Amino acid sequence: MPELPEVETIRLGLTKLIVGKTIKSVIFDWPKSFPNNAKDVDNFMIDSTISGVRRRAKVLIMDLSTDYSLLTHLKMTGQLVYRSKNLNFGAGHPGASLVGQLPDKSTRITITFTDNAKLYFNDQRKFGWMKLLPTIEIDSIDFFKKLGPEPLSADFSWLTLKHRLSRRPNSVVKAVLLDQSVIAGIGNIYADEALWGAKIHPATPAKLLSDFKLKKLQAEITYVLKLSIEKGGSSDRNYINAEGKKGSYLSFARVFRREGLPCPRCDHIIMKTRVAGRGTHYCPHCQVLKKLGSRI
DNA sequence: CACTTGACCTGTCCGC
DNA sequence: TGCGGACAGGTCAAGT
């Protein structure tokens with residue numbers, strides 16, 4: 001599920017909803033979703049106040065007043081949904097969000113605040129996780145140490161992109177964009193969207209990209225990520241924001257999930273294939289695969 | 001070493 | 001209606 005824009009949308013929502021709230025209790029029962037034990041929770045979560053909500057790559061970081069932080073990776077189907085004390089309407093109610101009454105069968109963790117508002121971590125496929133660890137240690141855990149730069153940071157230029165892609169010159173460009181150690185935060189949706197925007201075939205070896213194409217690609221990465229944040233992210237299946245609402249980016253998508261439809265640029269039919277082990281959407285007319293020995 | 005493929009899970013959709 | 005298989009937005013470990 002969530003890539004950079006979806007996690008950022010949740011971050012923006014949670015910043016308004018839970019910063020300043022104090023945790024009263026935590027319920028969790030699936031160790032892979034939350035490996036910490038009850039003692040950690042008692043010592044570092046209960047009675048702590050949420051001091052801020054940050055994001056790095058696709059990970060959401062809730063900082064606590066105990067100098068511990070609660071990290072969340074939503075992987076494919078994770079959701080973080082907030083409910084105030086009086087807003088837990090079931091489906092069908094005028095105030096209902098897209099998930100009904102919570103908790104439900106995919107709820108892995110429930111955090112209750114002192115005002116009886118709740119934050120639910122739902123995750124159908126159980127790939128996602130929450131972890132509690134000292135704030136000061138975040139940057140030294142393996143996952144964070146390996147991460148590449150944030151594509152929306154002010155100093156992420158096309159030269160940065162060129163430099164990062166040169167770490168995996170022989171891989172196809174889509175695989176490299178999905179590699180979080182090269183660039184942090186891009187996933188399957190925005191890789192396809194940015195490659196379409198730059199008119200690059202997803203299976204092009206990274207080293208064949210000209211400086212002209214790299215400039216285009218960097219501009220397109222920035223464009224699709226920013227546009228998606230503006231639209232509240234992409235709701236392909238499971239994604240909802242902290243208030244339980246869908247994002248609308250997919251109504252603006254040019255190729256993702258549009259196989260069989262005309263390319264908005266040239267009217268040729270958009271194809272879906274498999275590149276780097278992932279479902280991949282592209283226009284065979286304006287994203288032409290160049291062979292080794294040529295530069296595009 | 002660089003790169004690709006399967007595994008982790010559950011749910012849904014599609015063809016027979 | 002039931003059943004098997006493919007597929008789903010991410011990341012590792014284990015392969016080649």
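User: Let's start with R55 and E150: buried or exposed?
Analyst: Both R55 and E150 are buried, where buried means under 20% relative accessible area, exposed over 50% and partly exposed in between, with a 1.4 Å probe and protein chains only. Before we go on, this is a predicted model, in which local features need pLDDT of at least 70, side-chain atom pairs count only at pLDDT 80 or more, and totals for chains, interfaces and linings use all residues. Residues are numbered from 1 along each chain as its sequence is written, chains are lettered from A and ligands numbered from 1 in the order in which they are written, and side-chain values use heavy atoms, with hydrogens and water left out.

User: Thanks. How far apart are the closest N and O atoms of R55 and E150?
Analyst: They are 3.0 Å apart, and the pair forms a salt bridge. The term stands for a side-chain nitrogen of Lys or Arg within 4 Å of a carboxyl oxygen of Asp or Glu.

User: And why does that pair tie together separate parts of the chain?
Analyst: R55 is in strand β2 (residues 50-56) while E150 is in the loop between α3 (142-145) and α4 (158-165), so the bridge ties together parts that are 95 residues apart in sequence. Helices (H or I, at least four residues) and strands (E, at least two) are DSSP runs, numbered from the N terminus.

User: How many salt bridges turn up in the whole structure?
Analyst: The search finds 14. One of them joins R254 to E193, with the closest N and O atoms 3.1 Å apart. That pair links distant parts of the chain, since R254 sits in the loop between α7 and β9 (271-275) and E193 in helix α6, 61 residues apart. Both R254 and E193 are buried.

User: What else does R254 pair with?
Analyst: The side chain of R254 also meets E220 in a salt bridge, at 3.5 Å from N to O. Here E220 is in helix α7 and R254 in the loop between α7 and β9, 34 residues apart. E220 is buried, as is R254.

User: Which residues do salt bridges with shared partners join into one network?
Analyst: E8, R11, R55, R56 and E150.

User: Changing topic: at what angle do α6 and α7 cross?
Analyst: Roughly 130°, with the axes of α6 (residues 188-197) and α7 (residues 211-230) coming within 8 Å. The axes are lines fitted to C-alpha atoms, for helices over the stretch in contact, and angles run from 0 to 180 degrees between N-to-C directions. That angle makes α6 oblique to α7; under 35 degrees counts as roughly parallel, over 145 as roughly antiparallel, 65 to 115 as roughly perpendicular and the rest as oblique.

User: Which residues make the contact?
Analyst: From α6 there are Y190, E193, A194, L195 and G197, and from α7 there are K216, L217, E220, I221, V224, L225 and S228. Contact means heavy atoms within 4.5 Å.

User: How about α1 and α7, what angle do they pack at?
Analyst: Helix α1 (residues 4-18) and α7 pack at about 35°, with axes 9 Å apart. On the α1 side L4, P5, E6, E8, T9 and L12 meet L225, S228 and I229 of α7.

User: Next one: where is I111?
Analyst: I111 is in strand β6 (residues 107-113). I111 is buried, with a relative accessible area of 1%. Leaving out residues up to four places away in sequence, I111 touches I23, S25, V26, M45, L70, A117, K118 and L119.

User: Last one, P284: what does it contact?
Analyst: Apart from neighbours within four places in sequence, P284 is in contact with I269 and M271. P284 lies in the segment after β10 and is partly exposed, with a relative accessible area of 38%.
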